[in-house]
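Subject: Structure for your review

Dear colleague,

Please find the sequence and structure below. My notes on what was found follow directly after.

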Amino acid sequence: MNTLKYLLLFLTVSGYAQLQNTGILNEPPDISKDFSDLRNTYFLADDLTSFDPSTGKGTVRYIRNNFTTRQAFNNTLMRLVPVPANEFPTTEYSVAPEHPFSIEFTSTRTVRIRMTSGPQFRKPEESLMLVEGTAPVDTKSWKYAKTTLGHEYRSEFGRILITEKPWHVYIYDEDGKLLTQTIHTDDLKNTYTPVTPFSYVRRASDYSRSMDAAFSLSPGEKIFGCGESFQEFNKRGQKVILWTDDANGVQNETMYKPVPFYLSSRGYGVFMHHSTPITCDFGKYFSSVNSMMIGDDELDLFVFIGEPKDILDEYTNLTGKAPMPPLWSFGFWMSRITYFSEADGQKVASNLRKNKIPADVIHFDTGWFGVDWRCDYQFPTDRFPDAPKMITDFKKQGFEICLWQLPYFTPQNTLFDELVSEGLVVKDAKGNIPYEDAVMDLSNPQTVTWYQGKIAGLLREGVGAIKVDFGEAAPANGLYHSGRTGFYEHNLYPLRYNKAVADITKEVTGYPFIWARSAWAGSQRYPVHWGGDAATSNGAMAATLRGGLSFGLSGFSFWSHDIGGFVTTTPEDLYRRWTPFGMLTSHVRSHGEPPTEPWEYGEDFMNSFRLADNMRYELMPYIYTQAKHSSENGLPMVRALFVEYPNDPGSWLIDDQYLFGSDILVAPLMENGTSREVYLPPGVWIDYQTGKQYSGGWHTLEVGDIPVVMLVKDGTILPHAKLAQTTKEIDWVNLELRVFSTNGKASGLLYTPEADAIGELMLTKVGEDYKLTIDPFKNKIKYNIKKSAL
């Protein structure tokens, strides 16, 4: 009955979702509307009125403008025109205000631009988005010179030029190529289109202010990142709203995990260091202008110069790199919505082992409480008679347990009154709560302590991980303990949420590992995140990959998704094709509308599933090594082709393939069939399943026994382990080195749970065999060298 009741409830709920542009609760706010409102006043950055090169600080004058209209040939036209002040008394307010501007450097590749639109009385605070709370200052790498053009700073990787009148900031690479520049009114004289240059707006409705950082876009320039964005991979020509939202799927424009960071194909990246709503118009309105409309009344931008790997490394140096997750987390996770009891879990565990489906985690979703969805952090004894013993029994079988929870508390939850009475929740303007549910105020240290106490109790019982679900609906109109409104706190909420659970998990278990849905800049420090509630369709599979690629280009090394989709029972053919895609992702979980267990689809499907799962467990030394390398360098394990091949124009166009780590190219089957078109970057590529060789360019390739196209870069060593049913049983002392090489030489990285650091192995062909010429693990590991079938 329990299962039937849950399914009926879920099917009822799943029929509803938030429709955008309707003005309903928690709809992402598009602040771009404020920058075309005829009622508002616009202050356009005009000239540099003072500047101290030794500190990089100065002031910029702003010219006030309003939009005016004109009727011409049955069209109402508009443009910005200078206007006098409208304040009284006229002696008290500036017609053309001057506000602070500063330029700083945090490394040889990173410049920081800060501006304000008015006085800042709130004292500076440490930033939760920055790994050290504040950004470092590099006072030595950039050399200043006064030139006829203005103020110039140079490092070995770039040049910054600041002109005085008109005020511009030009950003160049080390070869002198202009990467981007600020947009001044003078740059727009050659167009009739009413484009707003670098400026700030003062709203007539409440006199609040927001910045518009307008920069140039070049012909052919492409934009990537912005978090787990499911829309077109290249953001050029799109308007992207950065506001955490329960996206209710993976095929719309909203995001569970927006990140205010992007990188450009032109050789730079930008981090918008803000938590307010942000709307980025990447040339959608006007193709040559990138308008970063920041809800904040001040501006804080970090600009990174270099190729994609350089940019990601610099950005994650600033906001934090993902720590290495525990080994067991890289195994297969078995889940559905939902297992309700110990008996359910034990049945699944037994079937996994009986059917030899390698697995490491069993996840209990929304049904492990006394009342489904009513999160009280307690196992009900009628369904879990002895939870600690149960967890111990699972561990003996090689399984860790993951538990679902969320940060919202319904009025009937036994914890509701305590949270409200102790003042641990977000409040409204009257001091009540904004919604019927109580939302934990995670800006309050007392709330975090209370919450971590609940999570710690479960972890001490032996729970391996907590599913950090939801977190996207922090009240936008709420008042928070931090002293700020939801306008500033909403986007920070997922970061606070991720941190609270990861910190207590590390304290109890030794590793800061979670399974989270929502995120913001800095959340990569608390892995791992999964892709949300995908539909069970080909389109959702393709959108899931686009989201993962974009997420990886936003500083996140580790990412997963629900194999086969989430919303309805997965069609067998889709599940079969999605499985290897999931197995070739940093973390892998089957989850969603039941059935999800492979044996429920019949023996033929289960054999196919097992084959892909076995491949993952045999590849675990490669996966674990690439995870470590990605963790140390801020790289994604699900990697866009251009990250490794930035000088190949074709690699910048691909959004339905990826590199799994540095050496394996994966092209999932997005539709039924046995082949697909695949683009290969320059060089020779060797089919993992057949050993056939292919050169760079377009090919129509057949899948192998595992329904995926999977190729290995020429000259690669892929370390493999003997098949085990759990990562706890992997033999790391005896490894197989599979050689994929056409030129007699091969190399590959290796990292093991006992290793101090990543080592590089090198092989050279001697006669018909390969001999190990470099082995940093001298005599600690025994290798069986095997050539790929050429």
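Arg639 has Leu659 of strand E32 as its bridge partner. The two strands concerned, E31 and E32 (residues 658-660), pair in the antiparallel sense over two bridges; strands are counted as paired if DSSP finds at least two bridges between them. Helices (H or I, at least four residues) and strands (E, at least two) are DSSP runs, numbered from the N terminus.

Before going further, please note that this is a predicted model, in which local features need pLDDT of at least 70, side-chain atom pairs count only at pLDDT 80 or more, and totals for chains, interfaces and linings use all residues. Residues are numbered from 1 along each chain as its sequence is written, and side-chain values use heavy atoms, with hydrogens and water left out.

The sheet

E31 and E32 belong to an open sheet of six strands with antiparallel pairing, in the order E31-E32-E33-E36-E34-E35. Strand E31 (638-639) and strand E35 (693-702) are at the edges with a single partner strand each, so one side of each has no neighbour in the sheet.

Helix H3 and Ala349

Helix H3 (residues 342-354) has 13 residues, and its end C-alpha atoms lie 18 Å apart, which agrees with the 18 Å that it should span at 1.5 Å a residue. The expected span is 1.5 Å times one less than the number of residues. The buried residues of H3 are Glu342, Gly345, Val348, Ala349, Asn351 and Leu352, where buried means under 20% relative accessible area, exposed over 50%, and partly exposed in between (1.4 Å probe, protein chains only). They pack against strand E20 (332-334), strand E21 (361-364) and helix H4 (387-396).

Which residues does Ala349 contact, leaving aside its neighbours within four places in sequence? They are Ile362, Phe394, Gln397 and Phe399, with contact meaning heavy atoms within 4.5 Å. Ala349 counts as buried because its relative accessible area is 0%. From Ala349 to Ala359, the separation is 10 residues in sequence and 8.8 Å in space, C-alpha to C-alpha. After H3 comes Lys356, whose phi is positive, near 55°.

Helices H6 and H8

Helix H6 (residues 445-460) packs with helix H8 (residues 492-509) at an angle of about 45°, their axes being 9 Å apart. H6 is therefore oblique to H8. Angles under 35 degrees count as roughly parallel, over 145 as roughly antiparallel, 65 to 115 as roughly perpendicular and the rest as oblique. Axes are lines fitted to C-alpha atoms, for helices over the stretch in contact, and angles run from 0 to 180 degrees between N-to-C directions. Among the H6 residues that meet H8 are Val448, Tyr451 and Ile455; H8 residues at this meeting include Tyr497, Ala500 and Ile504.

Backbone points to check

Two cis peptide bonds may interest you. One joins Ile337 and Thr338, with omega about 10°, and Thr338 is in the loop between E20 and H3. Another joins Pro594 and Pro595, with omega about 0°; Pro595 is in the loop between strand E30 (588-590) and helix H11 (603-618).

Asn26 has a positive phi, near 70°, and is found in the loop between helix H1 (2-13) and strand E1 (41-52). With a relative accessible area of 17%, Asn26 is buried. Asn248 also has a positive phi, near 55°, and is partly exposed, with a relative accessible area of 37%. The loop that holds Asn248 runs between strand E14 (239-242) and strand E15 (258-264).

With kind regards
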